[in-house]
Each structure stands twice: as C-alpha cells, then as structure tokens.
Amino acid sequence: MLIIRLLTLVGLSLLLVLLILFIVVMSRTFTLKENLGLQFAQWENTTIISADISKQQREVLLANFKAAIRIPSVSFSQTHQNTSALREFDQLLRRVFPNVFSSSLVKHEVVGNYSHLFTVLGTDPELVPYMLLAHIDVVPANEVDGWEAPPFSAKELNGFIYGRGTIDNKQCVMGILQAVEYLLERGYVPRRGFYIGLGHDEEVYGYNGAVNIAKVLKSGGVKLQYILDEGLAVMDGIITGLNGPAALIGVSEKGQATVKLSASTRLGHSSMPPKENSIGILAAAITRLEESPMPRLFGYGPEQSTFEHLAHKFQFPLRFMMSNLWLFNPLLSRVMERRPDMNAFVRTTTAVTMFNSGVKVNVLPSHAEAFVNLRIHPAQTLQEVLDLIKSTISDNRVKLELVDGFDSLPISSYDEQSFGYQIIKKTLLDMFPQVTVAPSICIGNTDSRHYMDLTQDIYRFNPTWLRPGEPERIHGINERMSVQNYEEIVLFYFQLIQESDIRILPPSHTGQHEL
C-alpha cells in the first residue's frame, strides 16, 4: 500500500508539473508579442517636413541613381581599385546634390583620397550626434556570366533597375544624400547633428576608407548616439512559416577568419606513388572538417531574440515552438541546420573556398594548400575556433596558418530605451505598418566594425525588400532594385533624419512580455 501511495503521489506530482508546463507554454504562445504598446507611445513632437515628391523629382532621383550605377567603381583587391571611376563618382555627387555641397550646415571632406565624410550641424549641441554609413565600391561583374542587362548599364526592365551596386550598396549612398538634398531644399535645419560616411573600399575591408574616417572623427573627440549601416533588409516570403514581411535589424555581425591549411611531401614521379601524398593528406583533413561542423550554438547569441520577436507572426505549429524557445531550442536548431541559410544562425560556418596543388599530371606534388573561410558565431572566439580546427584535423603533417580574422562584434542594445534601435523601428513602422521588426545578426560583414570606438550601438539595416530569389543576386548575377523600392529608401532616410531629432524616447511601453 505504501508503494502504491508513493507511486500515486509521484504520478500526481508529474501530472501537476506537466499541467503547469502546458499552461506556461500555451500562455506564451498566445500572448508573446513584442512591444505591443509601441503604436500607443507618446513620442515627442517634432516638425515633420512632408516628402511630397513630385513626378518630376521622381524622374530626377531615378536618373541620379542610374547614373551612379553606370560608374564601375569596382574593388578588385586591396591594391587594385578602379580609381578613375571613384573620381568620376565624386564629380557625380557634386553635380546632382548641389545643396549638400553648398549648404552652410554641411561640412564636406574627402578622406583617404576617395571616401567622403559629411558633417551636418545641429542646433542643439547637447544632443549626441549619430552617423549614417554606406559604401561606393562594388564587387566585379561580368556580362558573360548571364546578366539579363549589362551590369553597369542601369537598364530598366519591368520596373527594376539592373546593375552592380543596386542592392550593395549604392542605393544607400544615393538614398542618404538624396534625402538630405530634399530636406535642405525645404529649409530643414536639424536639431540633432549627424555625420554621413561614404567609404570607397568596403568590399576589400575598408582599411583606407572607413578606418581613416573613423580616425578623423576620433581625433576630433566625436562620440555617437548610434550608427546605421548596410546589412540586413526587409525579408518578404523568405522566412518559412512567417505571415507577412519581417524587417531584420542587425545588432551584431559574425566574426570572420581565413585559415590556410597546407601539407608537404617529397616530390616524385607518379609511376611510384607513396601511400599518401600532399593532396591526399590535405584532402583527408578537409573531409574531416566538413564532416565535423562546429558545435550548435543557437540561443547563445541574438539569433534567439530574432525568432522570439517574430513568434506571433508564425503559423502553427511553428508559433508554438518560436514562443517557447526555452523548451524547443534544441529541436529548432536541429531543424535549422538542414538549410544553409538557416545553418548560418546556428553555428560558426566552415567553407573551403580554394584548393591548390600540382604542376603536371605525372608529377607527385610536393605541396598542397587550401583556404578555409569561417564566419564566427558570437558565442565563440577566434581562438576557440582555431583550436577546434586543429583538434578536428588532428594531423601534425597539416600546417594551420591564420591569414586574417576577428571576433564577432559586440551586441548593440535593442530594448525599449535603445535610442537608435527604436528610431529605426518607428521609422520603419510608420512607412511599412505591415512589417514585423526584429533584431538579428549579420552573417556577412560590413566596415562598420571600424567605428566601434565611437559608439556602443551599431545597427545594420536598410529597407531593401528581398523576396525569394533576391538574396542570391547580391554579389551574384542580375543584381537589381525596383524603382518603387529605391523611392522608399530615399523616403526612409528622409523620415529617419527627422525622427532622430527627438531629445529622448518616450517612457517604456512594454507589452505583456519583456524581450
């Protein structure tokens, strides 16, 4: 009888725990909605100048954008850039944005020969300024790769402008300056000062552009409220199971490392091959790396917040899972790792990008080398990744050399009192009320990391709409931007600059759950 009573008590206790767990899970599923009260917050009144762009102005802003795309400002490498195109781009900016270059409110300086720094003075010196970033250079493009229109033609087809730089990143370069040009035309005088930094070598790490712009600001003792750079976008129909578009604001970037692996053996004739040569040794090491991916780390960085913020817009049963990641984290991470685009959120990724060896078909190569590119999850350090590579290969004949690398960037704040995040979010929701805004992490890199000494809050976003098939166009063939979307980008910066003039954010307006 005692045993029966004990088992009954255990069973009832287990049933009670399961009931409580069920109530908690269901409660979060139906109530978890990030920042329910944002729309009801009492924001400080500011004088908002209406954009009211005329048909003629639309034609002009579109012509300006096309002119920018036609200039082949390609960065081939750190030592090889199309400098004549960069000089031509300088002349274009001065020609199409006369108010920006002539206004007494704007100070302009060329940095690193081809980059641009604009200082826009504010009327209230007590307000900490912010900064808008973009880059002029683009990656190479070749028409023979299969472009529907020449990559530097800016040809308009079915409402889209085709060309290298339409998404990465001349839409922001021209969009920012076009917005400032319109504001100055309308007599706008900012309350909060701001800076605009246009780098010329972001595609080759920004060591001459962004690095020197940051040095100029740092030497002047500048501190920034926030920075907004390129990065993530509005994802429409890309996230499986999500109802409606999601605007993902990058609050961090994954780190990066390029590692060189090499193996050496004796040179010889192919008629008398040893059991293993340099190619075989290195190939085996590469195979071990590919078969042993880095550990799953989903939930240890900002990527978990991404799905929690979007949870209420997912269909069942995904909504059930996303609202309770504290319970379903391991299951979700296993599902995500099956897709390359989602796997990047789960772990440090490993990509073998180059493999070189051999000089002749009948000669045993004495040396083989491969390059591996890694994108480092915020929960890991560069050194931890290097140690894992070494232990996974576990072969002293394979030499490991770090070519370059850096840790993931600090996570910028994104709570309800984070000035930059909330200004970006409000501007987005005012323009696109149908979107759901969420913090996320950039799996690629920008040159905003060079500005870390100037602010704690760096955000990576522009309102480029990406639909299925569009992400592959970035650095790929048929990169394009819709006419409507470019106009929206201009209006976004036009509105953002004015929204940033508020002195403080409204009091906390947390919904039913604090995220």
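Predicted model: local features only at pLDDT ≥ 70, side-chain atom pairs only at ≥ 80, totals over all residues.
His 475 counts as partly exposed, at 43% relative accessibility. Its phi is near 65°, a positive value in a residue other than glycine. His 475 belongs to the loop between β18 and β19 (480-482).

Tyr 205 is in the loop between β8 (194-199) and α6 (210-219). Its relative accessible area is 28%, so Tyr 205 is partly exposed. As background, most residues other than glycine have a negative phi, and most peptide bonds are trans.

Display Asp 168 and Asn 169, which are joined by a cis peptide bond with omega of about 10°. Asn 169 is found in the loop between β7 (160-162) and α5 (170-185). Then display Phe 316 and Pro 317, where a cis peptide bond has omega of about 5°. Pro 317 has its place in the loop between α8 (303-310) and α9 (318-322).

**Aromatic rings**

Colour the aromatic side chains; the structure holds 15 aromatic pairs. Zoom in on Phe 461 and Phe 492, whose ring centres are 6.1 Å apart and whose planes meet at 70°, so this pair is edge-to-face. The pair links distant parts of the chain: Phe 461 is in strand β18 (residues 458-466), Phe 492 is in helix α14 (residues 483-499), and the two are 31 residues apart. Are these two residues, Phe 461 and Phe 492, buried or exposed? Phe 461 is buried, and Phe 492 is buried as well.

Now select Tyr 130, Phe 194, Tyr 226, Tyr 414, Phe 419, Tyr 421 and Tyr 459 together; they form one aromatic cluster.

At Trp 43, the charged end of Lys 426 sits over the ring, 5.3 Å from its centre. At Phe 160, Arg 480 lies over the face, 3.8 Å from the ring centre.

**Helix α2**

Select residues 55-70, helix α2. At 1.5 Å a residue, its 16 residues should span 22 Å, and the end C-alpha atoms are 23 Å apart, which agrees. Which residues of α2 are buried? They are Gln 57, Leu 61, Leu 62, Asn 64, Phe 65, Lys 66, Ala 68 and Ile 69.

Keep the helix in view and pick Arg 70, which is found in α2. With a relative accessible area of 42%, Arg 70 is partly exposed. Apart from residues up to four places away in sequence, Arg 70 touches Phe 152, Ser 153 and Ala 154. For a distance across the model, draw a line from Arg 70 to Leu 496: the two are 426 residues apart in sequence and 28 Å apart in space, C-alpha to C-alpha.

In soluble globular proteins, nonpolar side chains tend to be buried together. Here the largest nonpolar core has 74 residues, and those with the most contacts inside it are Met 174, Leu 228, Ile 424 and Tyr 493. Helix α5 gives the most to this core, with ten residues. Centre the view on Tyr 493: leaving aside neighbours within four places in sequence, Tyr 493 is in contact with Leu 132, Cys 172, Gly 175, Ile 176, Ala 179, Leu 228 and Asn 462.

Apart from this core lies another, of 26 residues, including Met 235, Ile 239, Ala 246 and Leu 248. Select Ala 246, which lies in strand β10 (residues 246-253). Ala 246 is buried, with a relative accessible area of 0%. Not counting residues up to four places away in sequence, Ala 246 touches Ala 233, Val 234, Met 235, Ile 239, Leu 310 and Thr 436. Between Ala 246 and Ala 67, which are 179 residues apart along the chain, the C-alpha separation is 31 Å.

**An annotated span**

Finish with residues 252-395, which UniProt lists, in an unreviewed entry, as "domain: Peptidase M20 dimerisation". The end C-alpha atoms of residues 252-395 lie 35 Å apart, and the span is 40% helix and 24% strand.

How values were computed. Residues numbered from 1 in each chain as written. Heavy atoms only, no water. Phe/Tyr/Trp six-rings, centres within 6.5 Å; stacked < 30°, edge-to-face > 60°. Helix = DSSP H or I, 4+ residues; strand = E, 2+ residues; numbered from the N terminus. Buried < 20%, exposed > 50% of the residue type's maximum accessible area, 1.4 Å probe, protein only. Lys NZ or Arg CZ within 6 Å of the ring centre and 35° of its normal. UniProt positions renumbered as here; feature names shortened; annotations may be inferred. Expected span 1.5 Å × (residues − 1). Core = buried A, V, L, I, M, F, W, Y, C linked by side-chain atoms within 4.5 Å. Contact = heavy atoms within 4.5 Å.
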